[in-house]
Amino acid sequence: MEKPIYASLKSIGAYAPERIVTNYDLEKIVDTNDEWIVKRTGIKERRFAQDNEATSDLATKAAKIALDRAKVTPKEVDMVIVATISPDFFCMPSTACVVANNLGIIGKPAFDISAACSGFVYLLFLAKSFILAKACKNILIIGAEKISSILDMQDRNTCVLFGDGAGAALVGVTENKEKSIIEVQVSSNGEYQDFLITPGCGSRYPTSKEVLEKRLQFLKMKGNETFKIAVKTLINDVVEILEKNHLNINDIDFFVPHQANKRIITAVGEALNIAPEKVVLTVQKYGNTSAASIPMAINELYEEGRIQNGSRLLLDAFGGGLTWGSAILTFNGN
Ligand code: ACO
């Protein structure tokens with residue numbers, strides 16, 4: 001009889017652009033201050049890509065690291081999926097096609113998904129499904145954002161919160177259930193579509209002088225309303241995924257939440273009784289990098305030597321759409 005197969009996270013990689021933008025730098029651009037930003041968000045600095053760097057450039061750098069660490073060559077990759085809300089090009093070609101070409105992956109499916117800050121958990125959901133369906137053996141997933149390209153640098157409510165970056169992972173096959181992606185659950189509720197939105201330049205409000213004058217091409221957020229729903233949803237989602245898998249928080253080595261706001265992360269961690277040393281925090285260094293935030297945070301754990309093959313991770317994300325999702329997996333990289 002054929003042995004059952006499972007999907008498995010075989011490597012992680014990330015890239016953060018070199019340019020560091022501190023809160024003090026932003027004080028010179030909008031009416032804000034370091035004290036407000038640190039107190040309300042925990043963010044001290046973030047990275048902004050250079051003008052000549054696009055999302056695909058960040059994604060390609062992260063992907064090369066993930067492939068090297070997985071010891072998988074571009075020829076062995078069966079599919080490339082990029083999650084982004086700041087693609088290289090409006091509509092087409094997809095950022096995934098550009099990245100695949102940069103890596104020399106030709107003749108394989110490559111496409112983008114849009115799930116805002118939940119992008120990486122959605123990618124895991126897709127990759128796991130394709131592996132279990134035996135459609136692919138090696139899937140390169142990348143969360144990447146040059147979110148500075150859609151930030152309104154005149155809007156202090158949003159421009160201080162976000163940063164650029166990319167995180168990539170290779171999802172492959174294992175026969176060892178203990179080393180697999182145990183569960184991924186993802187959800188959405190479009191009722192709150194206006195909480196996080198780039199209103200202009202789509203088919204609803206096509207590009208026009210008026211759209212640009214109203215600055216509708218940029219990201220808008222109802223921060224306070226989003227905050228309240230985020231905390232509640234993230235807590236419920238973790239409780240549900242743990243219960244579904246007959247696990248409790250002591251079975252988890254690290255909690256890797258989406259890095260939007262330190263206050264959200266602390267509130268969720270405390271409500272779930274997670275020991276602070278298990279809660280991964282990178283928002284102070286990178287701000288909110290949307291789809292890149294969770295893989296960048298896992299990469300940080302990996303590069304600090306805090307996770308090894310066999311470490312069990314709990315991921316939890318929330319973002320525009322609204323979308324949200326969580327995952328429990330055993331890291332199977334080396
Ligand atoms: N500097 C100084 N003051 C500011 C700034 C700033 N950068 N931004 C806002 N303020 C002011 C506001 O104008 C307001 O002033 P007022 O009371 O005089 O009107 C005051 O600070 C409080 O504003 P709030 O929006 O109520 O502040 P809040 O404590 O809610 O913090 C924040 C705002 C940080 C945006 C928070 O609400 C948040 O983190 N929201 C959730 C973000 C999130 O999780 N998003 C989902 C993922 S993102 C994605 O999917 C792309």
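Which of the 27 residues around the ligand come nearest? Select Thr32, Arg40, Cys117, Asn224 and Asn261.

Two notes before going on. This is a predicted model, in which local features need pLDDT of at least 70 and side-chain atom pairs count only at pLDDT 80 or more, while totals for chains, interfaces and linings use all residues. Residues are numbered from 1 along each chain as its sequence is written, and side-chain values use heavy atoms, with hydrogens and water left out.

Next, the polar contacts (pairs of N or O atoms within 3.5 Å). Pick Asn261: a polar side-chain atom sits 2.7 Å from a ligand oxygen. Go to Gly223, where a backbone N or O atom lies 3.0 Å from a ligand nitrogen. Then select Gly320, which has a polar backbone atom 2.9 Å from a ligand oxygen. The protein covers 77% of the 1100 Å² of accessible area that the ligand has on its own (Shrake-Rupley method, 1.4 Å probe).

Now color helix 8 (223-244). Helices are DSSP runs of H or I, at least four residues, numbered from the N terminus. Helix 8 gives the most to the shell around the ligand, with four residues.

Finish at His246, which follows helix 8 and has a positive phi, near 50 degrees.

Key:
A residue is near a molecule or strand if one of its heavy atoms lies within 4 Å of it. A polar contact is a pair of N or O atoms within 3.5 Å; within protein, one must be able to donate a hydrogen and the other to accept it, and residues adjacent in sequence count only if both atoms are side-chain atoms. Helices (H or I, at least four residues) and strands (E, at least two) are DSSP runs, numbered from the N terminus.
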